[in-house]
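Please read them with the structure open.

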Amino acid sequence: MEKIEAKDVNFYYGDFQALKHISMSIPQNKVVAFIGPSGCGKSTFLRLFNRMNDLVPGARLDGEILIDSRNIYAPGIQVDELRKEVGMVFQRPNPFPKSIFENVAYGLKVNGVRDKEFIAHRVEEALKGAALWNEVKDKLNASAFALSGGQQQRLCIARAMAVSPSVLLMDEPASALDPISTAKIEELICEMRDQVTIVIVTHNMQQASRVSDKTAFFYMGEMVEYDDTKVIFTNPHKEATQNYITGRFG
Amino acid sequence: MVKFVETELNELKREVDQMWSLVNSQMEQARDAVINLDKNVAQQIIVRERRVDAFELKIDSDVEDFIALFTPVAVDLRFVLAMLKINSDLERIGDYAHGIARFVNDTGAATFDAGLMEELRVKDMFSIVLDMLAELQEALRDEDPVKATSVLSKDDQLDQINKSSASILSRYAKENPDAIPFCLGFAGVFRKLERTGDHLTNIAEEIVFYIDAKVLKHTGLKDA
């Protein structure tokens, strides 16, 4: 079953066309990796899935992006509602200047949940789901900034997962982390695929091959190839893909 | 591509090519040793077998290092996997040349019955094996999968000669009971050459796998 569908997507920053005629389907509860050199459009494409580009001056989208068969750019779509469904984790951990507990509870409270018992339960669940609970259960009221970079990133994942999204977007979520924290994030990705559809942008080829079910290779605003990750990393059909993943690019 | 990775891959290919030339030379000498019943040549093969073994270990180690250090994917991964398997096949072929040399070295026979040699087609068998070795070496050098697959049908000829050798040697042994030990040893030469053909078939399949990502193994598609 398809979770996300892009239909002939073109995207512009003013006169510059950042994405060219991209069509793809992302299956539900799968992990899809976007790879490609810097400036190829993969992050721009990712950000279209929760309308993060809406406020970029001069930005314009042609085509359709459907989540659960609903065009998320159709008139009347509430962006805050959309972002409840489509969570996001960024390259650098960005906890709020609040306590660990408040960071995870934030999304629930913003969405009007007042039941303290329910909030506490969800915070614990989300922290457990992000493999952080054992490390922070005795200091939930401490500042989130007191955590290490890897812990902060898992806190951000817990924060995103607390509102039970059905899609999680990850933009180079481990690029600023050490190998141990990276391994924890990758393990989380594999565990979370039962609950959410994950789209991850990464420059780390091995990360893409380890965690994703499908991989898309982008180059100069075009999606060159999109296939099962095994195919992309063993026998890609396009020469450009092979050149990129084997380091023969340019 | 990053130059040092390309350099490593080229170096690996060069090593396998050198191993190939060494094994080819062993098999050529095995032919000379058998046809002339030349124990001196047989001795040289036996001594050089250690070099074949050492070369195999070196290539194995270099492939392991490359995988560990460069985590190859796609065509690079297929290349190193193919080199690993081809290396193993070449070493086995080297073993067969060594085994043939041992037969020549150990046999009590001083000369061959010329008529028997003609009927057994042992020269033809060596020629086919050496042709296959040379053509496949060229196929790898040129990265030519068509050339690689073109040798596959020759393996059938080896099978046929080996099959007929059993009955010819059996008949000869009955007619010449004194030659029974020789016939038993000589049958081993044919089996080794036939097995060499099987390893050369594997090598052809590995070359196609590396270049075209096609798996010919166990498909029965010798003409693919």
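1. A pocket here is an open set of points on a 1 Å grid over the protein atoms alone, where a 1.4 Å probe fits, with protein on both sides within 12 Å along at least five of seven lines; lining residues have an atom within 4 Å of a point. The volume is the space filled by probe spheres set on the points, and grid points are joined across faces, edges and corners.

2. This is a predicted model, in which local features need pLDDT of at least 70, side-chain atom pairs count only at pLDDT 80 or more, and totals for chains, interfaces and linings use all residues. Residues are numbered from 1 along each chain as its sequence is written, chains are lettered from A in the order in which they are written, and side-chain values use heavy atoms, without hydrogens and water.

3. The largest pocket has a volume of about 560 Å³. Its lining consists of 22 residues, with R83(A), K84(A), Y106(A), G107(A) and V163(A) nearest the centre. Among the elements of chain A that each supply at least two lining residues are helix 2 (79-85) and helix 3 (100-110) (helices are DSSP runs of H or I, at least four residues, numbered from the N terminus).

4. Contact between the chains (heavy atoms within 4.5 Å) involves 10 residues from chain A and 11 residues from chain B.

5. Two salt bridges are counted between chain A and chain B, a salt bridge being a side-chain nitrogen of Lys or Arg within 4 Å of a carboxyl oxygen of Asp or Glu. One of them joins the side chains of R248(A) and E6(B), at 4.0 Å from N to O. On the side of chain A that touches chain B, helix 9 (229-234) and helix 10 (239-245) each give two or more residues.
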